[in-house]
Amino acid sequence: MILSSVQNGFKRASPLVWLMARVFLGLVFAYAGFSKLMEPMENFRGAIAGYRIIPYFLVPWIAITIPWIEFIFGMFAILGYVTRTSAFVLGLLSFGFLALMGLSKLFLGSLPASCGCFGQGSFIQLTVGQDVLLNCFNFMLSVKLGSLKTHFLSLDTLLRKEGRLRLPP
Amino acid sequence: MNADRRYLMTGMMLIFFLVTGVLVLKRNQPLAQNANEPRELSNSRGYGPYDAPVQIVEYSDFQCPACKRAQALVEKILEDYPGKIRLNYRHFPLEGHRWSSLAHQAAECAHQAGKFWEYQKRVYGDQAAWSVSISPSDLFFQYAKDLNLDMDAFKTCMVDPEVRRRIMDDKSKGQRLQVKATPTFFINNQRIVGQVELEINGIDLIRQILGLPPLPRMTPASSMASSPGTSTLSSLVPSIGVPGIQIPGTSASPTVAISAASSVPQEQTNPQAVASK
């Protein structure tokens, strides 16, 4: 029932709504990546290590790469460049986070007090529950955005359509 | 230029500008480099000899559960390398923790009476009680009474803005070092964030500084599980008779507390710092 009404809502949404959704998704990830990049890398590393479920040899690599991926693909999503790929990558990040939370709860029986999603010193401080909800929402958005063939006011449209912007009906 | 090439070039330019922008902004950020301040300016909330080869600066928050867990590990490290480590404690009360500032004020007042570490032990040990209390002041006064502090001086100190200023000074120093989370440690100026990192990298770093080979690597969870009874709050500070205080995953024992107390470096005061207050 809820799923079908969500699907119906998606169908009726105008390109402008998808533009807003794309910018929202991009902003969330671009800000999350940017705030981590502005902090010493050890802060995010400590947050990831706190999950205790990720093999430790991966922790330094994740701490270095994830903020850049979030920031660059978040910005790509905002600008509408490689939009479907960006949506796929951001969806994968959301799904990865949700899987990590699920596995932490399953194997360790607890979740860290802070997910470290927006950097430790960010002005956005969400509880783990709020982060899970946000990531569920972002995952659904990214799946939908990845399935759209064209994106209103995007670099994709501008560059692929020889400079002609596709206007909403 | 065909559409594909133009598309690719746009992407490369975007990546170049985004990466360059972040690197330039990061480079221009003011960041203090040295966590260990000159001795005359440092506080005297410290264990161990001033000239110890390993200098640890700890920023933590009394209402933070991760700090409580990390404290047990810190004490085990101090116990494992006696005389080799100087630990300097810095207050870092977090905004989201309702009673944190009050707890830090109380601990700072205990520090004035030379009982910071004992008080800290009590505050961490009873964290679950006072952090959800409506009026934790009563508990903080009770802890002071249990430690035989001068209650008149303690009461005066609890409303002293100068004490509050000292706490916020500590926090400001941490913020200048981009401390964003607690617990954050600086081991000879190398940043270590969180208990797990301290457990893995922190101990390796200490051993490296001391010229010792690294310990066989264990997963954080297994290493905590494999060392029951070693990481207790009671094992370092003299027992103050707190029944039932136990760090999760460890087995605190009053017997251990009493026997270990004599081998523990007592709180040292820095005469220059005291004189400067």
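Student: What percentage of the 169 residues of chain A count as buried?

Tutor: The model is predicted; local features need pLDDT of at least 70 and side-chain atom pairs count only at pLDDT 80 or more, while totals for chains, interfaces and linings use all residues. Residues are numbered from 1 along each chain as its sequence is written, with chains lettered from A and ligands numbered from 1 in the order in which they are written.

In chain A, 40% of the 169 residues count as buried, a residue being buried if 20 or more other C-beta atoms, placed from the backbone, lie within 10 Å of its own. Chain A has 7 helices and 0 strands; read from the N terminus, its elements are α-α-α-α-α-α-α. Here helices (H or I, at least four residues) and strands (E, at least two) are DSSP runs, numbered from the N terminus. Among contacts in chain A with a separation of 6 or more, 71% join residues 24 or more positions apart; a contact requires C-beta atoms, placed from the backbone, within 7 Å.

Chain A also touches chain B, with 25 residues from chain A and 28 residues from chain B taking part. On the chain A side, helix 2 (15-37), helix 3 (41-49), helix 4 (59-79) and helix 7 (155-160) each supply at least two residues. Helix 3 of chain A gives the most, 5 residues. This side of chain A comprises 14 nonpolar, 6 polar and 5 charged residues. Ala, Val, Leu, Ile, Met, Phe, Trp, Tyr, Cys and Pro count as nonpolar, Asp, Glu, Lys and Arg as charged, and the others, Gly among them, as polar.

Strand 2 (residues 54-60) and strand 4 (residues 184-187) of chain B pair in the antiparallel sense over 4 bridges, and Tyr59(B) stands opposite Thr184(B) in strand 4 of chain B.

How values were computed: Two residues are in contact if their C-beta atoms, placed from the backbone, lie within 7 Å. Two strands pair if DSSP finds at least two bridges between them. A residue is buried if 20 or more other C-beta atoms lie within 10 Å of its own, exposed if 12 or fewer, and partly exposed in between; C-beta atoms are placed from the backbone.
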